[in-house]
Amino acid sequence: MTKKVQIYYSSATSTLKVKKEFQSMQFLLQKKKAQFEEVDMAQMGKEDRDRIYETAKTRTLPLLFVDDQFVGDYETVEGLEEEEKLNPVLGL
């Protein structure tokens, strides 16, 4: 069964670090041939954004969710990849 993979990001960010980490997370998932949805938090209502931040317990973007469960920010996801633990999380 295919897992629902989502990257939450913001098109309204002016921080180069956040933009690069979003691109790096996209590239990593594309390299793994994982299907994922990009969710622009700048297009969400405040209540929905707050729910995502509350679930993640962080406001650091980008955020990776799998089957509506928070996996981590870019650094966490990169760490999972380095430890060869990301594929099982993604269902690959």
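Q: Where in the structure is the place of Pro 88?
A: Helices (H or I, at least four residues) and strands (E, at least two) are DSSP runs, numbered from the N terminus. Pro 88 belongs to helix α4. This is a predicted model, in which local features need pLDDT of at least 70 and side-chain atom pairs count only at pLDDT 80 or more, while totals for chains, interfaces and linings use all residues. Residues are numbered from 1 along each chain as its sequence is written, and side-chain values use heavy atoms, with hydrogens and water left out.

Q: Is Pro 88 buried or exposed?
A: A residue is called buried under 20% relative accessible area, exposed over 50%, and partly exposed in between (1.4 Å probe, protein chains only). Pro 88 is exposed because its relative accessible area is 55%.

Q: In what order do the four strands form the open sheet?
A: In general, the strands of a sheet pair through backbone hydrogen bonds, in a parallel or an antiparallel sense. Two strands are taken to pair if DSSP finds at least two bridges between them. Here the order is β2-β1-β3-β4, an open sheet with mixed pairing. Its edge strands, β2 (37-40) and β4 (69-73), each pair on one side only. From one strand to the next, the twist averages 25°.

Q: How many bridges join β1 to β3?
A: There are four, and the two strands run antiparallel. Ile 7 stands opposite Leu 64 of β3. Strands β3 and β4 are likewise antiparallel, over four bridges, and Phe 65 has Phe 70 as its bridge partner in β4. The hairpin of β3 and β4 has two residues between the strands, and Asp 67 in this hairpin takes a positive phi near 50°.

Q: Which strands does α1 lie across?
A: Two conventions apply. Contact means heavy atoms within 4.5 Å. Axes are lines fitted to C-alpha atoms, for helices over the stretch in contact, and angles run from 0 to 180 degrees between N-to-C directions. Helix α1 lies across β1, β2, β3 and β4, at about 165° to β1. Helix α2 lies across β1, β3 and β4, at about 85° to β3.

Q: How many aromatic pairs does the structure hold?
A: Rings of Phe, Tyr and Trp (its six-membered ring) pair if their centres lie within 6.5 Å; planes under 30 degrees apart are stacked, those over 60 are edge-to-face, and the rest are tilted. The structure holds three such pairs. One of them, Tyr 8 with Phe 65, is edge-to-face, at 5.2 Å centre to centre and 70° between the planes. This pair links distant parts of the chain, with Tyr 8 in strand β1 (residues 5-9) and Phe 65 in strand β3, 57 residues apart. Tyr 8 and Phe 65 are buried. The pair of Tyr 9 and Phe 22 is stacked, with 4.2 Å between centres and 10° between planes. It also links distant parts of the chain: Tyr 9 is in strand β1 and Phe 22 is in helix α1 (residues 16-31), 13 residues apart. Tyr 9 and Phe 22 are both buried.

Q: Which aromatic cluster do Tyr 8 and Phe 65 form with a further residue?
A: Tyr 8, Phe 65 and Phe 70 form one aromatic cluster. Phe 65 and Phe 70 are also bridge partners.

Q: What is the nearest side chain of opposite charge to Asp 73?
A: Lys and Arg count as positive and Asp and Glu as negative, whereas His and the chain ends are not counted. A salt bridge is a side-chain nitrogen of Lys or Arg within 4 Å of a carboxyl oxygen of Asp or Glu. Asp 73, in strand β4, is buried yet has no salt bridge, and the nearest side chain of opposite charge is Lys 17, at 7.0 Å. Leaving aside neighbours within four places in sequence, Asp 73 is in contact with Met 25, Thr 60 and Pro 62.

Q: What is the form of the peptide bond from Leu 61 to Pro 62?
A: This peptide bond is cis, with omega near 0°. Pro 62 is in the loop between α2 (46-56) and β3 (63-66).

Q: What is the phi of Lys 57?
A: Phi of Lys 57 is near 60°, a positive value in a residue other than glycine. Lys 57 is in the loop between α2 and β3, and it counts as exposed because its relative accessibility is 68%. Glu 84, again not a glycine, also has a positive phi near 60°. Glu 84 is placed in the loop between α3 (74-82) and α4 (86-90), and is exposed, with a relative accessible area of 70%.
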